[in-house]
Amino acid sequence: MNKAPLSSRCIAFIIDLALLFSTWVSVCLAALAGYRLGSGRLTFINLSCILLLSSLFICLIFLFYFTFLTTREGMTFGKAIMNIKVVCAEGRQKGKAPGFVRSLVRTVAYGLSALPCFIGFIMALFFYGRTLHDLIAGTEVIRVEKTETEGGPFPEDEIPGQKPEEAL
């Protein structure tokens with residue numbers, strides 16, 4: 001198992017955050033549009049409530065996104081794009097997807113890694129590529145072999161709508 005380079009981890013995290021941020025913006029805009037259509041007046045207090053509720057909503061989405069996607073396959077969309085995944089670093093499950101509890105602990109520990117000044121992420125430079133949330137959850141991030149990500153949902157000779165002689 002090859003450890004994932006820190007640059008790949010950073011890019012994957014930026015991709016994931018961009019997806020979550022665009023979701024948050026969409027929720028805010030939808031809430032603002034709905035409120036504006038419903039009552040017509042938008043005050044500072046109403047705007048604050050909308051932003052607060054949408055921020056709480058995106059926190060739940062963040063928790064769900066990172067926990068759920070990491071539980072089975074060990075990958076979020078960003079990690080899949082960068083060909084890296086989260087695996088257990090210790091115990092009987094070493095090298096396998098972390099499962100629900102480890103994924104949840106890892107996701108909650110992201111907050112600790114961000115405080116103060118992202119020191120938990122910077123730790124990866126000194127702890128063999130493992131961040132604070134990796135150490136807390138007992139996980140590590142590795143490179144995915146090309147054979148694990150190549151292909152697709154259909155074997156090469158069974159693509160729908162393609163005749164067998166066209167596959168060659």
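Here are some questions and answers about this predicted model.

User: How are residues numbered, and which pLDDT do local features need?
Analyst: Residues are numbered from 1 along each chain as its sequence is written, and side-chain values use heavy atoms, with hydrogens and water left out. In this predicted model, side-chain atom pairs count only at pLDDT 80 or more, totals for chains, interfaces and linings use all residues, and local features need pLDDT of at least 70.

User: Which pattern does the chain follow along the sequence?
Analyst: Helices (H or I, at least four residues) and strands (E, at least two) are DSSP runs, numbered from the N terminus. The chain has eight helices and two strands. Read along the sequence, their pattern is α-α-α-β-α-α-α-β-α-α.

User: How many bridges join strand S1 to S2?
Analyst: Two strands pair if DSSP finds at least two bridges between them. S1 (residues 84-88) and S2 run antiparallel, and Lys85 stands opposite Ile142 in S2. The number of bridges joining S1 to S2 is five.

User: How many residues of strand S2 are buried?
Analyst: Buried means under 20% relative accessible area, with exposed over 50% and partly exposed in between (1.4 Å probe, protein chains only). S2 covers residues 139-143 and is mostly covered. Of its five residues, the number buried is four.

User: How far does helix H2 reach from its first C-alpha to its last?
Analyst: H2 (residues 44-72) has 29 residues.

User: Which residue just after H2 takes a positive phi?
Analyst: H2 has buried residues including Ile50, Ile58 and Phe66. Just after H2, a positive phi of about 80 degrees is taken by Gly74.

User: Is Ser113 buried or exposed, and which side chain makes a polar contact with its side chain at 2.7 Å?
Analyst: Ser113 is in helix H4 (residues 99-114), and its relative accessible area of 0% is why it counts as buried. A polar contact is a pair of N or O atoms within 3.5 Å; within protein, one must be able to donate a hydrogen and the other to accept it, and residues adjacent in sequence count only if both atoms are side-chain atoms. At 2.7 Å, the partner of the Ser113 side chain is that of His133.

Technical notes. The expected span of a helix is 1.5 Å times one less than its number of residues.
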